[in-house]
Structures are given as structure tokens and as C-alpha cells.
Amino acid sequence: MDVVELVNKYGFPIVMAVGMGFIIKYVWEWATKEVKPVISEANTVLMALIDRIRMLDNDLIRLNQKVNTVLHLRGKMIESDRVMETQKVEAQANKKFHEAMDEADHLAKYPDDKKT
């Protein structure tokens, strides 16, 4: 049967409603048979990726805490080394100062006696 004959027999709105029904049925079957499995698979992959991102985020947080701890301890070690080095330098300077003062006192008491 031709479309023109159907329109003449049943009317335009009825023929178009039936045609729209077939189009809706085709789109529904296509969406449920082809699109839905792909979306379901993509959803599974997305959830796995989200889990991996969370694990990486947790690993980064732990690594950042470890780095901060190491840097904090390293800073304390560096500060401690600096203080110890300063104390050594000050002790050497005091020793040389006292040696120079002793030598000056000795020369003041005995100007003719030169120390070698």
C-alpha cells in the first residue's frame, strides 16, 4: 500500500502517529541494544579510574607528609650542624684570642724576650 492511499483512507494525523510510533520504537531499541552496553562499560571503566585516582591521591598525601617530615628533620640537622660549626669557630677564635692575650702579657712583662 502506498502512503498516499493510507493518508486518504485513515487521515494524515493517524498515519503520522503510527509512523512516529515506529520511529520511537526504532530509537528505543537502538538505545537499549547498542548505546546502553557501551555506557555501562564506560561507567565501569570510569569507576575503576576514580578508584585509582583516589589511591594516587592518598599516595601523594602520604608521600608529601614523608617529604615534609624529612625536610623538617633535615632542617633541624642543618640548624644543629650550623650551631655546632659556629661553636667550633667561636672556640677557635677564643683560643687564639687568649693565646694572643697571653703573648701580649708576656711581651709586656718581658719586652726583650721574643717568643718563637
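Partly exposed here means a relative accessible area between the buried limit, under 20%, and the exposed limit, over 50%. The structure shown is a predicted model.

**Figure 1. The whole chain in overview.**
The secondary structure of the chain amounts to two helices and zero strands. Helix α2 covers residues 12-109. The C-alpha trace spans about 145 × 25 × 20 Å along its principal axes. The radius of gyration is 46 Å, whereas a compact globule of 116 residues would have one near 13 Å. Buried residues account for 1% of the 116 residues. The chain exposes about 11,000 Å². Carbon and sulfur atoms supply 64% of that area. The chain carries 17 positive and 18 negative charges. Their mean positions lie 5 Å apart.

**Figure 2. Close-up of the salt bridge between E29 and K25.**
The structure holds two salt bridges, and this view shows one of them. The side chains of E29 and K25 meet at 3.4 Å, N to O. Both residues lie in helix α2. They are four residues apart, about one turn of the helix. E29 has a relative accessibility of 30%, so E29 counts as partly exposed. K25 counts as partly exposed too, because its relative accessibility is 49%. Side chains of opposite charge can pair when their charged atoms come close.

**Figure 3. Close-up of the salt bridge between D59 and R62.**
D59 pairs with R62 in a salt bridge. The closest N and O atoms are 3.0 Å apart. D59 and R62 sit three residues apart in helix α2, so about one helical turn separates them.

**Figure 4. Close-up of the nonpolar surface patch.**
Six side chains are in view: M20, I23, I24, Y26, V27 and W30. They form a nonpolar patch on the surface. Together they have about 660 Å² of accessible area. Y26, one of the patch residues, is found in helix α2. Is Y26 buried or exposed? Its relative accessible area is 57%, so Y26 is exposed. The cut-off for that class is over 50%.

**Figure 5. Close-up of the negative surface patch.**
E99, D102, E103 and D105 gather on the surface. They make a patch of negative charge. Among them, E103 lies in helix α2. Which class does E103 fall in? E103 counts as partly exposed because its relative accessibility is 37%.

**Figure 6. View of M55, with T86 for distance.**
M55 has its place in helix α2. Its relative accessible area is 53%, so M55 is exposed. T86 is 31 residues from M55 along the chain. How far apart are the C-alpha atoms of M55 and T86? They are separated by 46 Å.

Key
Residues are numbered from 1 along each chain as its sequence is written. This is a predicted model: local features need pLDDT of at least 70, side-chain atom pairs count only at pLDDT 80 or more; totals for chains, interfaces and linings use all residues. Side-chain values use heavy atoms; hydrogens and water are left out. Patches are made of residues with over 30% relative accessible area and no salt bridge: like charges are joined within 9 Å, nonpolar side chains (Val, Leu, Ile, Met, Phe, Trp, Tyr) within 5 Å. Accessible areas come from the Shrake-Rupley method with a 1.4 Å probe; for residues, only the protein chains shown count as cover. A salt bridge is a side-chain nitrogen of Lys or Arg within 4 Å of a carboxyl oxygen of Asp or Glu. Lys and Arg count as positive and Asp and Glu as negative; His and the chain ends are not counted. The place of a charge is taken as NZ of Lys, CZ of Arg, CG of Asp or CD of Glu. Buried means under 20% relative accessible area, exposed over 50%, partly exposed in between (1.4 Å probe, protein chains only). The radius of gyration is taken over C-alpha atoms; the globule rule is 2.2 Å times the number of residues to the power 0.38.
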